[in-house]
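Take a look at the model first.

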Amino acid sequence: MKRMARSRKRKTPGMNLTSLMDVFTILVFFLLTNSSSNEAIEAPKVITLPDSVVESKPRETVTLMVTHDEVLIEAKPVMTTEELFQSETLVIEAIQQAMIAEVGKAMTMADSELEEAKAALAERAAAGEDVTAEAAALLAEPPEVNILADRTVPFSILKKVMSSCTNAGYTRISLAVIQKASQS
């Protein structure tokens with residue numbers, strides 16, 4: 001009887017922290033990887049984007065910014081906003097030429113997305129789905145541009161910018177906005 005009493009005293013129950021540490025490590029890695037993926041496009045501090053209820057995030061494409069002072073394509077100044085406002089023509093040659101110079105970058109970005117979309121279509125085709133129409137539409141994708149414009153920029157300026165992009169071959173134009181909560 002004394003032996004059983006001694007063995008009980010020797011065994012002090014301890015807390016095993018290994019599984020708790022594993023959970024905290026996983027939590028830390030989860031928070032680190034997901035904290036940086038809030039926005040697809042970060043707006044510079046000089047631009048205040050308009051608010052909108054949007055469902056999808058923008059893709060990475062050529063970025064055109066319209067600030068109060070200047071128009072920038074991929075952070076390179078092209079012309080001042082005042083020159084753009086004073087221009088009588090709908091298509092601005094300087095913007096069009098700068099956008100044509102960036103077509104190579106837009107196509108490489110589209111190529112990486114194209115490869116992912118092709119793989120997804122191949123999986124669906126292997127499952128027996130008819131994907132011929134989607135495949136034809138996928139191969140005819142034109143280059144795309146995201147326009148970041150301050151909410152106070154007049155639409156007449158944006159119309160000239162969009163017309164210049166269209167003339168340069170960018171028929172898919174996205175306007176960047178701040179995502180608000182959906183109202184449902």
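Val145 has Ile173 of strand E6 as its bridge partner. This comes from a predicted model. Strand E5, residues 144-149, runs parallel to E6, and 4 bridges join the two.

Now to helix H7. It covers residues 155-167. Its 13 residues reach 18 Å from first C-alpha to last, close to the 18 Å expected at 1.5 Å a residue. The buried residues of H7 include Ile157, Leu158, Val161 and Met162. Lys160 and Cys165 are also among them. Which elements do the buried residues of H7 pack against? Strands E2, E5 and E6 are on the list, together with helices H3 and H4.

| Element packed against by H7 | Residues |
|---|---|
| Strand E2 | 62-66 |
| Helix H3 | 81-86 |
| Helix H4 | 93-101 |

Ser163 sits in H7. Is Ser163 buried or exposed? Its relative accessibility is 18%, so Ser163 counts as buried, the cut-off being under 20%. A polar atom of the Ser163 side chain lies 2.9 Å from the backbone oxygen of Lys159. Leaving out residues up to four places away in sequence, Ser163 touches Leu90 and Val91.

Just after H7 comes Gly169, with a positive phi of about 105°.

Notes
Residues are numbered from 1 along each chain as its sequence is written. This is a predicted model: local features need pLDDT of at least 70, side-chain atom pairs count only at pLDDT 80 or more; totals for chains, interfaces and linings use all residues. Side-chain values use heavy atoms; hydrogens and water are left out. Two strands pair if DSSP finds at least two bridges between them. Buried means under 20% relative accessible area, exposed over 50%, partly exposed in between (1.4 Å probe, protein chains only). A polar contact is a pair of N or O atoms within 3.5 Å; within protein, one must be able to donate a hydrogen and the other to accept it, and residues adjacent in sequence count only if both atoms are side-chain atoms. Contact means heavy atoms within 4.5 Å. The expected span of a helix is 1.5 Å times one less than its number of residues.
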